[in-house]
Amino acid sequence: MRVKRIGLIVGTVALLVLGGAAGWFGARETEDAETVTVTTTTAVTTTVDAPEPGLPEAVAKTRDALLEAAEAGDYEALRPLVPDTGFEYTFGSPVPGGPIAYWQELERTTDEEPLASLAKVLRMPYTLSRGLYVWPFAYVVASIDDLTAHERELLAPLGPLESVFVEGTGYLGWRAGIRADGTWVFFVAGD
């Protein structure tokens, strides 16, 4: 008997709510249920890479363009980013055809991979040195002994540290520098 009575009460309440006779409470419950359904079916999640902290917008824009071209292996996408004058790419004499020709020749004649190296260094933390934003941060490190374990780990993609540090001189591996106005000023290795 008790089960029938509870079932009858629940059925009556459900009929009143669903039939709209429950007044404001019934209508409110329906609105909330619809709102929840709409909210959960229209939610969108997006992931956006945040710019590196401390980089001026012009520097971040140039870095991002360089990184995109380097990762794509696209020398032609780099060409408009190279300034007409004052760009450092070799410690020797200028090469006919400029930096792009020089880097392509390095790829053909050595085991160097300038674009891959550019991508690697631009993925590392930077340092601010004499008004230039320089990648990697090791640009200002004088000796391997000055590196923390964490910094050594960050530099691992560049290969053995002994190949990019010269005792008494510091870091001489591939490095890239950008002025605060977004002008790319160098991408060079060696001394």
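Trainee: Hello! What makes up the chain, in helices and strands?

Mentor: Welcome! The chain has seven helices and six strands. From the N terminus on, the order is α-α-α-α-α-α-β-β-α-β-β-β-β.

Trainee: How do you know how far to trust the model over residues 1-50?

Mentor: Look at pLDDT, the predictor's confidence in each residue, which runs from 0 to 100. Over residues 1-50 it stays under 50, and the model has five contacts beyond four places in sequence for them. Where pLDDT is low, the predicted coordinates should not be read in detail. For the chain, the mean pLDDT is 80, and 72% of the residues reach 70 or more.

Trainee: Why is S117 called buried?

Mentor: Buried means under 20% relative accessible area. S117 has 14% relative accessibility, so it counts as buried. S117 sits in helix α6 and touches W174 and F187, leaving aside residues up to four places away in sequence. Of the 191 residues of the chain, 33% count as buried.

Trainee: What makes a set of residues a nonpolar core?

Mentor: The residues must be buried, of nonpolar kinds such as Leu, Trp and Phe, and joined through side-chain atoms within 4.5 Å. The largest nonpolar core has 40 residues, and those with the most contacts inside it are L78, W103, W135, L155, F165, W184 and F187. Among the elements that give two or more residues to this core are α5 (98-109), α6 and β6 (184-188). Helix α3 gives the most, with six residues. Apart from this core lies another, of five residues, including L132 and V185.

Trainee: Which residues does L78 touch?

Mentor: Not counting residues up to four places away in sequence, L78 touches L66, A69, I100, W103, L115, L118 and W184.

Trainee: How do you know which element gives the largest share of the lining of the largest pocket?

Mentor: Helix α6 (residues 114-122) supplies four residues, the largest share of the lining. By class, the lining has nine nonpolar, three polar and four charged residues.

Methods. Residues numbered from 1 in each chain as written. Heavy atoms only, no water. Nonpolar A, V, L, I, M, F, W, Y, C, P; charged D, E, K, R; others polar. Buried < 20%, exposed > 50% of the residue type's maximum accessible area, 1.4 Å probe, protein only. Contact = heavy atoms within 4.5 Å.
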